[in-house]
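Subject: Structure handover

Hello,

Here is the structure for you to look through. My notes on what was found in it follow below.

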Amino acid sequence: MTLQELITKLNLTILTVPLDFDTVTPQGGYASDLLSCVIAGAQPGNIWVTLQAHMNVVAVAALRDVSAVILTENAQPETAVIEKANEQNVILLGTSEPSYQIVGKLWVLGIK
């Protein structure tokens, strides 16, 4: 399943510069708000689900080369965070739903 299909099915908001999301194929998922756990556990290509929306999220997402970050519970990154994400080619997506629900929906859609 492509990232564009996930964005559509989960009704996610694109927070960074829109790209050709049909060319991105997520390879599993990871959910945590603790950055050290993400550094240790997220794999390249994972979708990372978190409610954190600060600058360090961009740094960790770039470090782990995740396919996208889903910010839950209406977490709104500041403009500087979005700009840095765009510079680092980190895709930020948003939703009002809690992390628990988004992770469940990703699982049902086959992102494991």
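**Start of the chain**

Threonine 2 lies in the segment before helix 1; helices (H or I, at least four residues) and strands (E, at least two) are DSSP runs, numbered from the N terminus. Before going further, please note that this is a predicted model, in which local features need pLDDT of at least 70 and side-chain atom pairs count only at pLDDT 80 or more, while totals for chains, interfaces and linings use all residues. Residues are numbered from 1 along each chain as its sequence is written, and side-chain values use heavy atoms, with hydrogens and water left out.

Threonine 2 has a relative accessible area of 16% and is buried (buried means under 20% relative accessible area, exposed over 50%, partly exposed in between, with a 1.4 Å probe and protein chains only). Not counting residues up to four places away in sequence, threonine 2 touches Phe21, Asp22, Val24 and Pro26; contact here means heavy atoms within 4.5 Å.

Asparagine 11 is found in the loop between helix 1 and strand 1. With a relative accessible area of 65%, asparagine 11 is exposed.

Five strands form an open sheet in the order 1-5-4-3-2, with mixed pairing. Two strands count as paired if DSSP finds at least two bridges between them. Strand 1 (13–14) and strand 2 (29–31) are at the edges with a single partner strand each, so one side of each has no neighbour in the sheet.

Strand 2 pairs with strand 3 (residues 47–50) in the parallel sense, over three bridges. Alanine 31 has valine 49 in strand 3 as its bridge partner. Strand 3 and strand 4 are also paired in the parallel sense, over four bridges, and here threonine 50 has leucine 71 in strand 4 as its bridge partner.

In strand 4, Ala68 and Ile70 point one way and Val69 and Leu71 the other, and all are buried.

**Helix 5**

Which residues of helix 5 are buried? They are Ser99, Ile102 and Leu106. These residues cover an arc of only 65° around the axis, so they are on the same side of helix 5; the arc is that of the directions from the helix axis to the C-beta atoms. Tyr100, Trp107 and Val108, on the other side of helix 5, are exposed.

The buried residues of helix 5 pack against helix 1 (3–10), strand 3 and strand 4. After helix 5 comes glycine 110, which has a positive phi, near 95°.

**Nonpolar cores**

A nonpolar core is a set of buried Ala, Val, Leu, Ile, Met, Phe, Trp, Tyr and Cys residues joined through side-chain atoms within 4.5 Å. The largest one has 18 residues, of which Trp48, Ala61, Val66, Val69, Leu71, Val90 and Leu92 touch the most other members. At least two residues of this core come from each of helix 2 (35–41), helix 3 (55–64), strand 4 (68–71) and helix 4. Helix 3 supplies the largest share, four residues. A second, separate core has 15 residues, including Leu3, Leu12, Ile47 and Ile111.

What does tryptophan 48 contact, leaving aside its neighbours within four places in sequence? Its contacts are Tyr30, Ser32, Leu35, Val38, Val57, Val60, Ala61, Val66, Ala68, Val69 and Ile70.

**Salt bridges**

Side chains of opposite charge can pair when their charged atoms come close. A salt bridge is taken as a side-chain nitrogen of Lys or Arg within 4 Å of a carboxyl oxygen of Asp or Glu, and a search of the whole structure finds two.

One is between glutamate 87 and lysine 84, whose closest N and O atoms are 3.7 Å apart. These residues are separated by about one helical turn, because they are three residues apart in helix 4 (residues 79–87). Glutamate 87 is exposed, at 56% relative accessibility, whereas lysine 84 is partly exposed, at 33%.

The other joins glutamate 97 and lysine 105, with the closest N and O atoms 2.8 Å apart. Glutamate 97 is buried, at a relative accessible area of 17%, and lysine 105 is partly exposed, at 36%.

Regards
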